[in-house]
Amino acid sequence: MPHDIRNYIAGQFLTSESRFDDINPVDGSLVGTVHEADEAMVDRAVAAARDALHGEWGSLTAAERSAVLNRVADGIDARFDDLVTAEIADTGKPLVQARALDIPRGAANFRFFANLVGSAGSECFEMGTADGHGALNYSVRKPLGVVGVISPWNLPFLLLTWKLAPALAAGNTVVAKPSEETPGSAAVLAEIMHDADVPPGVFNLLHGFGPDSAGEFLASHAGVDAITFTGESGTGSAIMRSAADNVKSLSFELGGKNAAIVFEDADLEQAIDGTVRSVFSNCGQVCLCSERVYVHESIFDEFLTGLQTRAADLRMGYPEDEQTEIGPLVSEGHREKVLSYYELAREEGADVVTGGGIPQFGDERDNGAWVEPTILTGLPESARCVREEIFGPVCHVAPFATEAQAVAMANDSDYGLAAAVWTTNLSRAHRVARQIEAGIVWVNTWYLRDLRTPFGGVKLSGIGREGGIHSLNFYSEPTNICIKL
Ligand code: NAD
Ligand code: 6OD
């Protein structure tokens, strides 16, 4: 049933005059009506967040904030099915994925940062002084203040909570703006926050678009101290411009055009399985997905045949069907973008090994945002399809002759988020991984996450690192206190 998706400001659920439709990409049906926050609502949310910093929340100890975060995690567990339903309705992603990854990671994000903030220490340096008495320096962490969280549609709940949990753990208050494509799970989270007695104003939720809407109003707001953003690199530039006037702190997790390198000594079956996952997971809509696959020339044909067979066999279906492996893209608009790259690939001279079109179902899914999983070969490295992020279930596979050539091809990109290296040679694994220009390199695996590790990208893929102590470092400001003894 379509439902109303409202804003949440200062502990109240608020409607607005301007509304937009939330569409299910499986069949184009209406999921709900979203109340778009106008500029006055953004002002109210930022003011509520500022007030909350000076209220009860601002005087809580780290252990007390940690308890609040754990209550939110418990609330996520309690509303697990509602969150799964909301996430699937907005994205069309397979139920098994939402159950295994998206929603459990939301709870894990809150529990992880609740634990971390409860146990994080601070620096202390003793120093000598001319009078021989010395001095003691120690630092205390203070929150940044009001943090704006702007999140994308591909892993909506996972990525919103990945930013929100450490921001709250560090004692900030938050105004969050999820993607206009996927407001549902964030709306359930607002109810969870409310029921967990998170003090009013500590978490505020605004719905809307980017330019000339809630996203831009938030990014340019003088009352916001920091913006943490996940999304396209071009949007990152626009947010940077909006945030420049009052010099906000920025943490950016942006786009990728990630390479996978398959060496001749790889376990071929493992490399094919892993590459199927790294190219087609979430219908290719993970910033970490491999879109450029480089394969040693001696195993190129065998690898390509294996990848083609597996890609052609991927089960497309309704999200609720537990056999489904791949769903639709997030929206008709995004499908147009991906299809334009399928077309461009042909114009650029690609061989389309499999896919390249729209599947026909003969039912209501023909009104949805489906595309075929697609494998391309034969393009030069200068082709736009090899250089630009497509963000769909598609990769280009190219041969290489030497290790040095593979590294050079992988690094020949404006992006630098993640890479996957497939080899059974331990020395090569270490050697190659260190040479890759990316924030994350996986060897013989892909998207295996330890939340303590630094996460982020180089070049157009981002600014800064989050994860573990890196998150606390971004979301707090140290003050050094120097005491003369
Ligand atoms: P997007 O950049 O279009 O939108 C992300 C968010 O920014 C949305 O909430 C949107 O409303 C908002 N926004 C858009 N324009 C804005 C503006 N001018 N000012 C303020 N806010 C604005 O990204 P998307 O299409 O939702 O997500 C897909 C992109 O995100 C891909 O490029 C993908 O690689 C990237 N991504 C990166 C990571 C990472 O960790 N590096 C993770 C997930 C997604
Ligand atoms: O797993 C994470 O913490 C994370 N930030 C994943 C990003 C995925 C991009 O689509």
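Which residues are the closest to ligand 2, and how many surround it? In this predicted model, 13 residues surround ligand 2, and the closest are Arg105, Asn154, Cys287, Tyr447 and Arg449. To count as near, a residue needs a heavy atom within 4 Å of the molecule.

| Side chain (N or O atom) | Distance to an oxygen atom of ligand 2 |
|---|---|
| Arg105 | 2.8 Å |
| Asn154 | 2.7 Å |
| Tyr447 | 2.8 Å |

On its own, ligand 2 exposes 300 Å², and the protein buries 99% of that (Shrake-Rupley areas, 1.4 Å probe). Sorted by class, the shell holds 9 nonpolar, 1 polar and 3 charged residues. Helix α5 (residues 156–169) gives the largest share of that shell, with 3 residues; helices here are DSSP runs of H or I with at least four residues, and strands are E runs of at least two.

Now over to Asn204, which sits in strand β10 (residues 203–205). Asn204 is buried, with a relative accessible area of 0% (buried means under 20%). A polar atom of the Asn204 side chain is 2.9 Å from the backbone nitrogen of Ala10. Beyond its neighbours within four places in sequence, Asn204 has contacts (heavy atoms within 4.5 Å) that include Tyr8, Ile9, Ala10, Ala45 and Val174.

A word on conventions: residues are numbered from 1 along each chain as its sequence is written, while chains are lettered from A and ligands numbered from 1 in the order in which they are written. Local features need pLDDT of at least 70, side-chain atom pairs count only at pLDDT 80 or more, and totals for chains, interfaces and linings use all residues, while side-chain values use heavy atoms, leaving out hydrogens and water.

Conventions: Buried < 20%, exposed > 50% of the residue type's maximum accessible area, 1.4 Å probe, protein only. Polar contact = N/O pair within 3.5 Å; in protein donor to acceptor, adjacent residues only side chain to side chain. Nonpolar A, V, L, I, M, F, W, Y, C, P; charged D, E, K, R; others polar.
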